[in-house]
Amino acid sequence: MSQWLSEVIAEGQRQTDWLAGHRQQATEALANIKWPVRRQEAWRFTPLLPVEKRSVSLAAAVEQHGSAPVIDGLDAYSVSFAGNKLAAQQGSVPAGLTFTLFSNANTEQQATIKALLSQVKPSHHLFGQVNDALMTEGVYIHVPANTVIDTPIRLSQLAASVGDQHLRVLVHVESGAKVAIIEDGFGDADSLNTFVSEYVLDAQAQLEHYRFAMYTQQAMHVGSCHFKVGEKAQLTSNIVGYGSVLSRLDVDVEYTGEFANANVNAIYLLAEGELFDLHSTIEHAVPNCTTEENARGIVGDRAKAVFNGRIHIHRNAQKTLAELNNRNLLLSRRAIINTKPELEIYADDVRCAHGATVAEIEEKALYYLLTRGISRSQALIMLNFGFIQELITQIPNIAISDWLLHSLRERFVSMEVK
Amino acid sequence: MLSINNLHASVEEKQIIKGLNLDIKPGEVHAIMGPNGAGKSTLGYVLSGRDGYEVNDGSATLNGKDLLELEVEERAREGLFLAFQYPVEIPGVSNMEFLKESVNAMREHRGEEPLTAAEFLKKAKAACKQVHLPLDFLKRGVNEGFSGGEKKRNEIMQMILLEPSLCILDESDSGLDVDALQVVADGVNSQRDGKRSFIVVTHYQRLLDYIKPDFVHILADGKIVKSGDASLALEVEKSGYAFLGKAYEESEA
């Protein structure tokens, strides 16, 4: 066990709030786990050394933190957190849903939250357990049956230098309801941030989900999103990852009802020396569900991307349609991608496909465009940004799509080809 | 217009251009012929600034500007155009997007407003027609799946759209049948306006029947070893490069 984990357990045990029972379960589990080493598949390519030597630092309030970037034209209810406390909010809670901060929950809401917590998140996630033990702020969103919410909700985590953050999000979208939720994280300060969200989609619910892990430099991030998708429910999830000394995102989708579908698009764009690790697991536990997952990334000099996409089709999950595709572009000989699409199929009447490709910059094509007067940055975008742009333009929210296109282009142009 | 003095250039430390001199005035057409390996294509790459083509000595100026100090795209914006012998295929980038970006990059350099999509489309359609390419070529990936002749015509179409001051045609005739050759030559001739200059690199005199050169140079072993008028090309056609003697034998070896 690492020094850091012992501190996590001690800190979790010290908390005496209404979540103490939940924390205790987690600390007990954590006391019995083996600290991941690189032999362990889940952490094979992403060493946890930067975490091992840390001290747990939970500051009640932090003064210095950035703010979430403005997304022009996005009309959302936006809430941001720093040091586990509400840092800013904008807009108002959309009519028709309830939005509860854990710190403000009344006894009745506390009971609801306690009943929902960790019901979606699989217990094997080490940092999920850490979040269970240490969370000091969270959000519970409840969308009642058949309610269509037009205003998206944006939840931002701001990395700050004196406080680690362990933010929790719980969302229950009841049958026939529809909502859009954006989760994002920013900052470069030396800190450890976990951000765990759990979603329950009842029958015919529709969720438009975004997760942008835009932590950079010294801001460590280990986050996860977990979904239970009910009958005929629809999930679209758009993920964007930048890299830092350690940035890892786990995505779990489990179908709990038939004829549901999930569309997961992930983009990672890693500048020099960054690390980003995306693990996804799709559990086809019931028949007749459809998954389409596309992960596409550009990896800069000395940067490393890890992609592990697992689709598990259970014995009874007949008529499953599942496609998983991962494409990568390396900007340098020293850029690394460890990609592993995994299909595990136990049913015999399914249609599945998976694939991964890795490419490098085409020097000849670049030269050709330059000889026609096109600038180097524009040429690189034309040649190499298309496959990422394709995913961005599919995003249903125009304001988010425009903002991403601009931000990612800018980041890409600033990256050097070596 | 273009002035090359004592140019020396190497590729992977192999000396290819060994003291080349060439002066081209506005409106002139210069043909460069020569045996394989003489450095004909290298000259185009060196002048355009391709990576890996290192200039070891000498100078090259275009309209008074030091070409060798400029980046590839800056040379293009200063009016240098290279029509490739083997244009690269770029799937995923449409010909239309590519042409629009390049035309507008040139316009921006000249301080002109970028063309709107409609304005550009009109120009592109006319150019397409001029080189006998069907309009759906604009929608396809750059050179993607084009035949050899279509690629060459696409090069000429770009030349027409970009309005350069110096055009280097690198074996634009290779692999073309007579009809396609006529189209390419017509495209080039339509751009001869008394100011625009051309370097026509070719193996065969045939192209020069269609594009009449003012001067013909023989490039051998990295240098221009003989210059003359159009009759020199006919001489080469008749008796080959044997008259080059020693230099020719060395380059063949």
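Modeller: The answer below begins at the contact between the chains and then moves into each chain in turn.

The model is a predicted one. In it, the contact draws 16 residues from chain A and 20 residues from chain B. On the side of chain A that touches chain B, two elements give two or more residues, helix 6 (363-370) and helix 7 (376-384) of chain A. Helix 6 of chain A supplies the largest share of that side, six residues. By type, the residues on this side of chain A are seven nonpolar, five polar and four charged.

Helix 6 of chain A therefore deserves attention on its own account: six of its eight residues are buried, so the rest of the structure largely encloses it. The buried residues are Ala365(A), Leu366(A), Tyr367(A), Tyr368(A), Leu369(A) and Leu370(A). Their cover comes from both chains and includes helix 7 of chain A as well as helix 2 (72-77) and strand 7 (90-94) of chain B.

Within chain B, helix 5 (residues 148-162) is another covered element, with eleven of its 15 residues buried. Its span from first C-alpha to last is 21 Å, close to the 21 Å expected at 1.5 Å a residue. The buried residues include Ile156(B), Met157(B), Met159(B), Ile160(B), Leu161(B) and Leu162(B), and also Lys152(B), Arg153(B) and Glu155(B). They pack against strand 6 (80-83), helix 3 (95-109), helix 4 (117-130), strand 9 (166-170) and helix 6 (178-190) of chain B. After helix 5 of chain B comes Glu163(B), with a positive phi near 50°.

Chain B also holds an open sheet of four strands, in the order 2-1-4-5, with antiparallel pairing. Strand 2 (14-24) and strand 5 (65-66) of chain B are at the edges and have a single partner strand each, so one side of each lacks a neighbour in the sheet. Strand 1 (residues 2-11) and strand 4 (residues 53-62) of chain B are joined by eight bridges in the antiparallel sense. Across from His8(B) stands Asp57(B), in strand 4 of chain B.

In chain A, strand 16 (residues 304-313) is mostly covered, eight of its ten residues being buried. Strand 14 (residues 275-284) of chain A pairs with strand 16 in the parallel sense over ten bridges, and Leu278(A) lies opposite Phe307(A) of strand 16. Strand 18 (residues 336-345) of chain A likewise pairs with strand 16 in the parallel sense over ten bridges, with Asn308(A) opposite Lys340(A) of strand 18.

The largest nonpolar core has 118 residues, and Ala305(A) is one of those with the most contacts inside it, as are Val299(A) and Leu270(A). Strand 13 (residues 261-270) of chain A gives the largest share of this core, seven residues. Among the residues that Ala305(A) touches are Tyr268(A), Phe276(A), Asn328(A) and Ile337(A). Another core, of 85 residues, lies apart from it and includes Val29(B), Ala31(B), Ala60(B) and Cys167(B).

Finally, helix 1 (residues 3-14) and helix 5 (residues 126-134) of chain A pack at an angle of about 35°, their axes 8 Å apart. Val8(A), Glu11(A) and Gly12(A) of helix 1 meet Val130(A), Ala133(A) and Leu134(A) of helix 5. The residues of this contact comprise four nonpolar, one polar and one charged.

Technical notes: Residues numbered from 1 in each chain as written. Chains lettered and ligands numbered in written order. Predicted model: local features only at pLDDT ≥ 70, side-chain atom pairs only at ≥ 80, totals over all residues. Contact = placed C-beta atoms within 7 Å. Nonpolar A, V, L, I, M, F, W, Y, C, P; charged D, E, K, R; others polar. Pairing = 2+ DSSP bridges. Buried ≥ 20, exposed ≤ 12 C-beta atoms within 10 Å, placed from the backbone. Core = buried A, V, L, I, M, F, W, Y, C linked by C-beta atoms within 7 Å. Axes fitted to C-alpha atoms, helices over the stretch in contact; angles between N-to-C directions. Expected span 1.5 Å × (residues − 1). Lists of a residue's contacts leave out its neighbours within four places in sequence.
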